[in-house]
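User: Here is a model I would like to go through term by term. Please set each value against its definition.

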Amino acid sequence: MEEVLPCTDAPESSRKMSLASCPVRAVVRLRRQIRNLKKSKLHLDLTGGRSQETRQARLLQKQISMDKTSFFNTVGFEKSQHFSFDTPSLEQMSQLPVLKKRKKKRKQSRTVQYPPNSRKYLPIEEKSKAKRCLLLFIGIIIFQILNAIENLDDNVQKYDLDGLEKTMHRDIFGQKLAVDTVMDLLKDYLATHIHNKPLVMSLNGPSGVGKSHMGRLLAKHFRSVMGGEFVLQYYTGHNCPAESDVLSCQIDLSGNVSDMVVRAEIEEKIPVFILDEMEEMPPLLLDVLHGYFQPQQSNEFLNAIYILISNIGSNGITKYVLQNASNEDLSQHRKRKELVSIIESSLRQHHPLWDRSEIVPFILLEKSHIINCFLDEMLREGYYPDNSNIENMASQLKYYTLGEKHYSIMGCKQVVTKVNLLH
């Protein structure tokens, strides 16, 4: 630190003038030095107090104030004033009074006072308009979903599929798997009116197991809910008995299908075509039907149901049932899958018509199912259901016997003939 030279060393001519200016210059220099010290960083020492430079700055400031008072209290300027920047000793520092820190008083914010009769309200939050739009959009989507589900239910209820399912389970014996498969396909297809392909179901199984009976029940039900003009039953042996009439049969079949499909599209209904004895149908008619099963058609031809009834693949079904008669652990799903694969191999050899069809296998009927067929037929004819008489007539039929199980060879086909003999 620099020392201030005494003003007494100046010449005698300017001595009186310098006596007044020297203390002022010394004060200015000291204030500059204090300002520089304040600008420097203050560090805390290990004892928690200020650093040595800060102490020196405070001492210097106190010395300036003392020099000021001593300078202005003097009567004359005969004595020279000496100032130095020497660091005070520890004894001098211990004698200095402790400076108390002045705490700045924080201005306390005044509490807001409300009039005694007024109510206090919280600040109102601004509502975003985007939330309202989002809620409206969600509401529209939910309404459309509920409306679509309602429309699906209304479309299914129009065909009364629940009543059809109850009738089929009551009147068709021993074919629960086939009934469930047909009902699932119908419910899925009839849930809406617009489709990308027609529904083709192929009912395959041995003779007398209930295929034609299911076809008659389907025709009767859909006639009752839609009208007879939208249901066509076609028996190959009856509608096209001679091979020489194949060309005229082709024209008739094609005209009936086209006319029914167009009328059904106008009234927003799905026509049902039940084609029995498909194993006897000529190849030319099979080609005609194959063209209607393709997806590349106009919309009215895509909204139709075709039910194909035949005994193609019956030998494979009979062998499979007899071989797995003792396997009670076989699930219904696996049984249907294996039967479908057996029937598909036989259908492919017959005609490519069945490539786009849903195969519904019918299995052999047991003796208990034959007894139910006799009971139902006797009630229809008005006979008293005598159990001993029914057991006697059921035992006259031929069966495949495997242990305790008896599978009918001809199914319920001879039941009507046996009951008619009671007249």
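User: Which residue stands opposite D276 in β3?

Analyst: Y235 stands opposite D276. This is a predicted model: local features need pLDDT of at least 70 and side-chain atom pairs 80 or more, while totals for chains, interfaces and linings use all residues. Residues are numbered from 1 along each chain as its sequence is written, and side-chain values use heavy atoms, without hydrogens and water.

User: What makes β2 and β3 a pair?

Analyst: Strands pair if DSSP finds at least two bridges between them. Strand β2 (residues 231-235) and β3 have five, in the parallel sense, so they count as paired. Strands here are DSSP E runs of at least two residues, and helices are H or I runs of at least four, numbered from the N terminus.

User: How many bridges join β3 to β4, and which residue is the partner of L275?

Analyst: β3 and β4 are parallel over four bridges; L308 in β4 is the bridge partner of L275. Strand β1 (residues 199-204) also pairs with β4, over six parallel bridges, and there N204 has S310 as its partner.

User: Why is β3 described as largely enclosed?

Analyst: Buried means under 20% relative accessible area (exposed is over 50%, partly exposed in between; 1.4 Å probe, protein chains only). Five of the five residues of β3 (residues 272-276) are buried, so the strand is largely enclosed by the rest of the structure. Both faces are covered: V272, I274 and D276 are buried on one side, F273 and L275 on the other.

User: Which strands are called edge strands?

Analyst: The open sheet has five strands, with parallel pairing and the order β2-β3-β4-β1-β5. β2 and β5 (358-361) each pair on one side only, and these are the edges. From one strand to the next the twist averages 15°.

User: Which strands does helix α9 touch?

Analyst: Contact means heavy atoms within 4.5 Å. Helix α9 (residues 246-266) touches β2, β3 and β4, and its direction makes about 165° with that of β2. Such angles run from 0 to 180 degrees between N-to-C directions of lines fitted to C-alpha atoms, for helices over the stretch in contact. Helix α13 (residues 332-350) lies across β1 and β5, at about 115° to β5.

User: What is the make-up of the lining of the second largest pocket?

Analyst: The lining divides into 11 nonpolar, seven polar and 11 charged residues. G208, G210, S212, H213 and R216 lie nearest the centre of this pocket. Ala, Val, Leu, Ile, Met, Phe, Trp, Tyr, Cys and Pro count as nonpolar, Asp, Glu, Lys and Arg as charged, and the others, Gly among them, as polar.

Note on methods:
On a 1 Å grid over the protein atoms alone, a cavity is a set of points where a 1.4 Å probe fits but cannot get out, and a pocket is an open set with protein on both sides within 12 Å along at least five of seven lines; lining residues have an atom within 4 Å of a point.
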